[in-house]
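Colleague: I am new to this structure. Could you walk me through how to read it, feature by feature?

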Amino acid sequence: MNPMLTAVATFVGGALVFLTGWFARKLVDRGKVVSAEELAEKIVREAQREAETQKKAAILEAKDEWYRAKAKFEEETAQTKAEQEKLQRQMEKREGNLSRKVEFVEKKEKEVDKKEMEVSEKETSIEERSGKLSGLIEEQNERLERIAGMNRDDAKKLLIRNMESDARLEAARLIKDIKDDARRQGDKSAKEILTLAIQRCAADHVVESTVSVVHLPSDEMKGRIIGREGRNIRAFETATGIDVIVDDTPEAVILSGFDPVRREVARIALEKLITDGRIHPGRIEEVVEKVAKELDAQIVEFGEAAALDVGIHDLKPEMVKLLGRLRYRTSYGQNVLQHSKEVAYLCSLMAGELGLDVTTAKRAGLLHDIGKAVDQSMEGTHAALGAELAHRYGEEDIVVNAIESHHEDVEPTSTIAVLVQAGDAVSGARPGARRETLETYIKRLEKLEQIADSFQGVEKSFAIQAGREIRIMVQHRKIDDARAEVLASAVARKIEAELKYPGQIKVVVLREMRAVDYAK
């Protein structure tokens, strides 16, 4: 075959293929365009329908909002209108009240004016009558002076004396009524502050309870105790808290202080310093500290020994230590620890006779004065302080009440508390328990009776209970019940002013009336 024809045929065949493909592609693209246009038109129609739907919804929502706003506005308007109407009614009511008040005030003003006129007329009438009455009184006074035979001043004095006597009697009766009412209510009329102070530091025994004497090998030791420019004695007083008195007493110095434990530490420390011979501030502080530790251990031992002697084994360590401190505490010359043991023994004996709990009675008796271990460093009576300590360290309520009531500051709530009162009185009042010379004791009793006998109407007086009570028998015709109260108070005040005594003295006035007749 001719190559040229072959090439032409190939070219024509290729062209036909190309044209056929091109036409086919155009047909396909045209179909796609038609489909896309239809799809676009469909989307546009759906969008238009959605827009119409949203437009209608928005219009409906706007209408709902408008209706709600309208309803709210109408409601607020109605409320405001109701409030305005309410305020209007209140204003009208107030105006009516003001009108009535104005009318009432005007009426009262008229009445006041009328009353003022009446009062003015009465004042004028009273002045006239007063003038006439003064004349009549003066005339009657002149007649009375002529009849009675005394002038006006004498009559006034007589009247004043009679009124004074009546007033005193009335005052005595009033005092009796007040005291009776106070007793019925159970209120304590006053605190015995002065008695407490005398009990802690009585003048007639203060030397015995606040002073210790340390004997020296020679008077030369006094200079060493004082030291150069007094530095040793100042260091000793600072370390112990006790005053050192160096005077003309031969071969002795005096230690003075109210704290018995500190005073005992000072005494032992000074004796050790004197024996050692080395006395200077550093050595003083060392010895005092060592002695204080040793004495603390001894105090515990003394407390344990006292509890063991009495038969009590379950005391708290703090109570044992406080009990041991009582060994160095005295009350009117009587050792408090020994006194506490005596009271414990007495309470146990009495409790055994009455069939009560002996152990509890013994415990209450041993601890009844435990407050005296701290009463010189704390405020309050030793009974109240002791009750507080006992309660703090877990003692029974019976024991706490027995401690608190053993001086009758509060009412006893058990028989054991009464036994502690009795045991305390017996131990303190027994002969020899408290240091007091027989001569001083007798003089005090005589002075008590003399003070009581010095009052009018007293028939006889008797000092009893070792001078703790004075009983006064009065003449019943001269002293009635009301005056008996006054007499008891007057005797007590005079005893306080003229006597010095430990504790307190009870004044009892007894009035007896006997009617005697005979059958014939």
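Colleague: How many helices and strands does the protein have?

Modeller: This is a predicted model. The protein has 16 helices and eight strands.

Colleague: What share of the residues is buried?

Modeller: Buried residues account for 29% of the 520 residues.

Colleague: What share of the contacts joins residues at least 24 apart?

Modeller: Take contacts between residues at least 6 apart in sequence. Of these, 61% join residues at least 24 apart.

Colleague: What pLDDT does the protein average?

Modeller: The average is 78, and 79% of the residues score at least 70. Over residues 186-209 the pLDDT is below 50. That stretch still has 31 contacts in the model beyond near neighbours in sequence. Where pLDDT is low, the predicted coordinates should not be read in detail.

Colleague: Now a helix. How do I check the span of H8?

Modeller: Count 1.5 Å a residue. Helix H8 covers residues 281-310, which is 30 residues, so it should span 44 Å. Its end C-alpha atoms are 43 Å apart, which agrees.

Colleague: Which residues of H8 are buried?

Modeller: Among them are Arg283, Ile284, Val287, Val288, Val291 and Leu295. Further along, the buried residues include Ile299, Gly303, Ala306, Ala307 and Val310.

Colleague: Which helices do the buried residues of H8 pack against?

Modeller: They pack against H6 (231-240), H7 (260-276), H9 (317-325), H10 (336-354) and H11 (358-367).

Colleague: And what follows H8?

Modeller: Gly311 does, with a positive phi near 100°.

Colleague: Let us look at one of those partner helices. Is Val265 buried or exposed?

Modeller: Compare its relative accessible area with the cut-off: under 20% is buried. Val265 is in helix H7. Its relative accessible area is 10%, so Val265 is buried.

Colleague: Which residues is Val265 in contact with, leaving aside its neighbours within four places in sequence?

Modeller: Val288, Val291, Ala292 and Leu295. Of these, Val288, Val291 and Leu295 are among the buried residues of H8. Look also at Thr240, 25 residues away along the chain from Val265. The C-alpha atoms of the two are separated by 7.2 Å.

Colleague: Next, two histidines. Is His339 buried or exposed?

Modeller: His339 lies in helix H10. Its relative accessibility is 3%, so His339 counts as buried.

Colleague: What about the backbone of Glu229?

Modeller: Check phi. For Glu229 the angle is positive, about 55°, although Glu229 is not a glycine. This residue lies in the loop between helix H5 (220-226) and H6. Glu229 has 72% relative accessibility, so it counts as exposed.

Colleague: Now a sheet. What is the order of the strands in the open sheet of three?

Modeller: The order is E6-E7-E8, and the pairing is mixed. Strands E6 (458-464) and E8 (506-511) stand at the edges, each with a single partner strand, so one side of each is left without a neighbour in the sheet. Neighbouring strands are turned by 20° against each other on average, direction ignored.

Colleague: How many bridges join E6 to E7?

Modeller: Six, and these two strands run antiparallel. Ala463 stands opposite Ile470 in E7.

Colleague: And how do E7 and E8 run, parallel or antiparallel?

Modeller: Parallel, with six bridges joining E7 (469-474) to E8. Here Ile470 stands opposite Val507 in E8.

Colleague: Which helix packs on the sheet?

Modeller: Helix H16, residues 481-498, touching E6, E7 and E8. The direction of H16 makes about 150° with that of E8.

Colleague: What should I remember about side chains in a strand?

Modeller: In a regular strand the side chains alternate between the two faces of the sheet.

Terms used:
Residues numbered from 1 in each chain as written. Predicted model: local features only at pLDDT ≥ 70, side-chain atom pairs only at ≥ 80, totals over all residues. Heavy atoms only, no water. Pairing = 2+ DSSP bridges. Helix = DSSP H or I, 4+ residues; strand = E, 2+ residues; numbered from the N terminus. Axes fitted to C-alpha atoms, helices over the stretch in contact; angles between N-to-C directions. Contact = heavy atoms within 4.5 Å. Buried < 20%, exposed > 50% of the residue type's maximum accessible area, 1.4 Å probe, protein only. pLDDT = per-residue confidence, 0-100. Expected span 1.5 Å × (residues − 1).
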